[in-house]
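Please read the following report alongside the sequence and the coordinates.

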Amino acid sequence: MSQYKILYVANEINPFLQTTEVADFVRALPQAMQERGMEIRILVPRFGLINERKNRLHEVVRLSGINISVGDEEKPLIIKVASIPNAKLQVYFIDNEDYFHRKSVFFDKEEKFHEDNDERAIFFCKGVLETVKKLGWAPDIVHCNDWMTSFIPLYLKTTYKNDPIFKDAKSIYNIYGNSFDHKFDDTLINKAMMMDIDESMLDHLRSADFEGFVKLGMEYADAVIKSKEETGDIIDNLISSAPKDKKVETIQKDDNYLDSYFNLYNELVG
């Protein structure tokens, strides 16, 4: 078996930030795969709750400095990096003053959903792909976790499909029950557009809600994963709406779940 390169993308990871079970999952799985010979990169947003001094984040100047377009606006991309204590893993952080310096994740202190969470997700997904390009590191697998990463499978199949870094990459989309009730405004589709994307490819986003984001991720990913622990009508309905030819798997977090992901990676790349 070859040493595969796996890119993990999520909105949080222990020990830097934990608001949901995603943080633990994205902490454990990459290290387990690294121990099995895989080469790993991890990218997350640099939310303002992350203490840079305590966690020893520092800017990677050679990766920073490009602008990311979100609709008609362009925002500067800053890349920071830190090491996970007691592990041979580094985490790259996508940062931007407008989007990620507030002291909250998706909800403010009054539990109000940030109106620009759609822009933050788009900036993050585009920033991830541009950062990996600058690294010159071609992943075999791009493993996306939760709704904030929903644009990456689409962008891999369109804008980046002929890029030497991504042309052979397969994407996995893990679904979680971290839903929200907010509906974004009708500028969402324009903000998400990129080269080689027809507006019809973004039809799922017309609902401008959590379900639309997840359906988009499912549509363009090469494999869709639902944890057996994730239950509820929203998740069940989303899974049942997946394209009939889509590889959809349920993986239970038990003693064998690491083997399940390891085998899935080999199946997709092989």
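How many bridges join strand E9 to E10, and do they run parallel or antiparallel? Strand E9 (residues 170–175) is joined to E10 by four bridges, and the two run parallel. Here helices (H or I, at least four residues) and strands (E, at least two) are DSSP runs numbered from the N terminus, and two strands pair if DSSP finds at least two bridges between them.

This is a predicted model, in which local features need pLDDT of at least 70 and side-chain atom pairs count only at pLDDT 80 or more, while totals for chains, interfaces and linings use all residues. Residues are numbered from 1 along each chain as its sequence is written, and side-chain values use heavy atoms, with hydrogens and water left out.

**The sheet**

Nine strands make up an open sheet with mixed pairing, in the order E3-E6-E7-E2-E1-E8-E9-E10-E11. Strand E3 (58–59) and E11 stand at its edges with a single partner strand each, so one side of each is left without a neighbour in the sheet. Strands of a sheet pair through backbone hydrogen bonds, either parallel or antiparallel.

Within E10, Val224 is the bridge partner of Tyr173. E10 is also joined to strand E11 (residues 247–251), by five bridges in the parallel sense, and there Lys226 has Thr250 as its bridge partner. Five of the five residues of E10 (residues 223–227) are buried, so this strand is largely enclosed by the rest of the structure; buried means under 20% relative accessible area, exposed means over 50%, and partly exposed lies in between, with a 1.4 Å probe and protein chains only. In a regular strand the side chains alternate between the two faces of the sheet. In E10, Ala223, Ile225 and Ser227 point one way and Val224 and Lys226 the other way, and all are buried.

Elsewhere in the sheet, strand E6 (residues 78–83) and strand E7 (residues 90–95) run antiparallel and are joined by six bridges, with Val81 standing opposite Tyr92 in E7. Strand E4 (residues 67–70) and strand E5 (residues 73–76) also pair in the antiparallel sense, over four bridges, and Val70 stands opposite Glu73 in E5. E4 and E5 form a hairpin with two residues between them, and Gly71 in the turn has a positive phi of about 65°.

**Helices H7 and H8**

Eight of the 11 residues of helix H7 (residues 210–220) are buried, so H7 is largely enclosed by the rest of the structure. Among these buried residues are Phe210, Phe213, Leu216 and Tyr220. The buried residues of H7 pack against H4, helix H5 (151–157), E9, H6, E10 and helix H8 (233–240), where contact means heavy atoms within 4.5 Å. H8 in turn lies across E9, E10 and E11 and runs at about 155° to E10; axes are lines fitted to C-alpha atoms, for helices over the stretch in contact, and angles run from 0 to 180 degrees between N-to-C directions.

**Salt bridges**

The structure holds 20 salt bridges, a salt bridge being a side-chain nitrogen of Lys or Arg within 4 Å of a carboxyl oxygen of Asp or Glu.

| Pair | N to O distance |
|---|---|
| Arg102 and Asp116 | 2.8 Å |
| Glu119 and Lys191 | 3.1 Å |
| Lys167 and Asp168 | 3.2 Å |

Arg102 and Asp116 form a salt bridge, and both lie in the loop between helix H3 (97–100) and helix H4 (117–135), so the pair ties together parts that are 14 residues apart in sequence. Arg102, at 22% relative accessibility, counts as partly exposed, whereas Asp116, at 17%, counts as buried.

The salt bridge between Glu119 and Lys191 links helix H4 to helix H6 (residues 188–192), so this pair ties together parts that are 72 residues apart in sequence. Both Glu119 and Lys191 are buried.

Lys167 counts as partly exposed at 48% relative accessibility, and its partner in the salt bridge, Asp168, counts as exposed at 55%.

**Cysteines**

A search of the whole structure finds zero disulfides, a disulfide being a pair of cysteine sulfur atoms within 2.5 Å. Cys125 is in no disulfide, and the nearest cysteine sulfur, that of Cys144, is 7.2 Å away. Cys125 is buried, with a relative accessible area of 0%, and Cys144 likewise counts as buried at 0% relative accessibility.
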